[in-house]
Amino acid sequence: MYVAAIGLLAISAIAVTPSLAAEDAVVIPPPAVDVQNASGIQTAVLAGGCFWGVQGVFQHTKGIVSAVSGYSGGKKTTADYRMVSTGTTGHAESVEVKFDPKKISYGKVLQIFFSVAHDPTQLNRQGPDTGTQYRSAIFTTSDEQKNVADAYIAQLNAAGVYKKPIVTKVGPLQGFFAAEAYHQDYLTLHPTQPYIAYNDIPKVENLKKIFAENYSAKPTLVSDIKATN
């Protein structure tokens, strides 16, 4: 994504609108099956391309306690941006989303993930970024989460809401490793950076438009959470 951002510097003077986003939002039905009777802060770990945009979407979502960019799918020893960027570590750029189930359900988190955060039909890529580190994946923390995710993917495929089949992989979370500090809160800190303006700001705007009742104008930032701890 760094290379892509440099390549887009030449168009930085062009006004960007949601219709120019690398991936268009898709209006989809809510999951027919959801996690039941969850209590306490819950965790969802999601991979959908560059973590800057996915983090930004969930930081603007009501009920989210924190959204941290990081790496999942590989070993702790290779959870390093330069190593992950080679596409050989098994890691995917991911976001650890902690949420209050009294305010937002796991199913709603997945609906936002599939609708506005990324395109789940792209295999090992999102927008200008290619490689297994940009794959679409859901790392589940319980059997119930896995059942809900599998059922939702089957539901969406059956409904034909996408032009192509969903390629999102669902599997148990083996570990989440937070990314380097300079990757955290990136969308908020660099809203006019060409990569962010073209690929990610439209995702937040689509969240506001499609999920108005779930949108929060004030983002829940990693830096704010650290400041209060």
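At what angle do helix 2 and helix 7 pack, and how far apart are their axes? Let's start there, keeping in mind that this is a predicted model. Helix 2 and helix 7, which covers residues 194–210, pack at an angle of about 25°, and their axes are 9 Å apart. Anything under 35 degrees counts as roughly parallel, so that is what we call helix 2 relative to helix 7. The crossing of these two helices is right-handed.

Who makes the contact? On the helix 2 side you'll find Trp52, Gly53, Gly56 and Val57, and helix 7 brings Tyr195, Ile196, Asp200, Lys203, Val204 and Leu207. Sort those residues by type and you get six nonpolar, two polar and two charged.

Helix 2, residues 51–59, lies across strand 1 (42–48), strand 2 and strand 3, and it runs at about 165° to strand 2.

And the sheet itself? It's an open one, with six strands in the order 7-6-1-3-2-8 and mixed pairing. At the edges stand strand 7 (169–172) and strand 8 (176–178); each has a single partner strand, so one side of each has no neighbour in the sheet. From one strand to the next, the twist averages 35°.

Note on methods. Residues numbered from 1 in each chain as written. Predicted model: local features only at pLDDT ≥ 70, side-chain atom pairs only at ≥ 80, totals over all residues. Heavy atoms only, no water. Pairing = 2+ DSSP bridges. Helix = DSSP H or I, 4+ residues; strand = E, 2+ residues; numbered from the N terminus. Axes fitted to C-alpha atoms, helices over the stretch in contact; angles between N-to-C directions. Contact = heavy atoms within 4.5 Å. Parallel < 35°, antiparallel > 145°, perpendicular 65-115°, else oblique. Left-handed = near helix turned anticlockwise from the far one by under 90°. Nonpolar A, V, L, I, M, F, W, Y, C, P; charged D, E, K, R; others polar.
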